[in-house]
Amino acid sequence: MPSAEGAADPAAPRKRSVMIAGHATSVSMEQAFWDLLTAFAEDQGVSLNALVTDIDRTRTANLSSAIRVWVLRECARRAGLSEDVSD
C-alpha cells in the first residue's frame, strides 16, 4: 500500500531487468534493496549492472538472495559491524 506521500512501499517486491556479462535477466527484490544497491553502485562509481555482475561471479545461491546478502553485508561494513563483505 503506498504511503500518504505516494512513495513506493519499500517492502514491495519489484522485478527489474539487469545485464550480466551481456545477458539480460530479471531479478525480483524488495524496493528497499534496489534503492540501497543503486546507492552503493553510485558510491563505487560503477553501474548497477557492473555491481550485479560482480555479485553474480561469487554467488552460491540464487541471484536475488546473493544480492540481498551483499547489500546486508555492505550495510554492516559501513556501520562498522563487519570488515568483510567479500564472501
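Read along the sequence, this protein chain follows the pattern β-β-α-α-α, with three helices and two strands in all. Helices (H or I, at least four residues) and strands (E, at least two) are DSSP runs, numbered from the N terminus. What you have here is a predicted model, in which local features need pLDDT of at least 70 and side-chain atom pairs count only at pLDDT 80 or more, while totals for chains, interfaces and linings use all residues. Residues are numbered from 1 along each chain as its sequence is written, and side-chain values use heavy atoms, with hydrogens and water left out.

**The hairpin**

Let's start with the strands. β1 (residues 13-20) pairs with β2 (residues 23-30) in the antiparallel sense over eight bridges; strands count as paired if DSSP finds at least two bridges between them. Within this pairing, R14 has M29 as its bridge partner, and I20 stands opposite H23. The two strands form a hairpin with two residues between them, and A21 in the turn has a positive phi of about 50 degrees.

**Helix α1 and its surroundings**

Next comes α1 (residues 31-44), a helix of 14 residues that reaches 20 Å from its first C-alpha to its last, close to the 20 Å expected at 1.5 Å a residue. That expected span is 1.5 Å times one less than the number of residues. After the helix comes G45, with a positive phi near 70 degrees.

Which residues of α1 are buried? They are Q31, W34, L37, F40 and A41, where buried means under 20% relative accessible area, exposed over 50% and partly exposed in between (1.4 Å probe, protein chains only). An α-helix has 3.6 residues a turn, so residues three or four places apart point the same way. The cover over the buried residues of α1 includes β1, β2, α2 (48-58) and α3 (63-78).

L36 touches V71 and C75, not counting residues up to four places away in sequence; contact means heavy atoms within 4.5 Å. L36 and R68 are 32 residues apart in sequence and 9.8 Å apart in space, C-alpha to C-alpha. Q44, also found in α1, is in contact with L51 and W70, leaving aside its neighbours within four places in sequence.

| Residue | Relative accessible area | Class |
|---|---|---|
| L36 | 34% | partly exposed |
| Q44 | 39% | partly exposed |
| F40 | 5% | buried |
| W70 | 14% | buried |

**Rings and a charge**

A search of the whole structure finds one aromatic pair. The rings of F40 and W70 have their centres 6.0 Å apart and their planes at 65 degrees, so the pair is edge-to-face. This pair links distant parts of the chain, with F40 in helix α1 and W70 in helix α3, 30 residues apart. Rings of Phe, Tyr and Trp (its six-membered ring) pair if their centres lie within 6.5 Å; planes under 30 degrees apart count as stacked, over 60 as edge-to-face and the rest as tilted.

R16 lies over the face of W34, at 4.9 Å from the ring centre. A charge sits over a ring if NZ of Lys or CZ of Arg is within 6 Å of the ring centre and within 35 degrees of the ring normal.

**The chain as a whole**

Buried residues make up 25% of the 87 residues in the protein chain. Among contacts between residues at least 6 apart in sequence, 36% join residues at least 24 apart.
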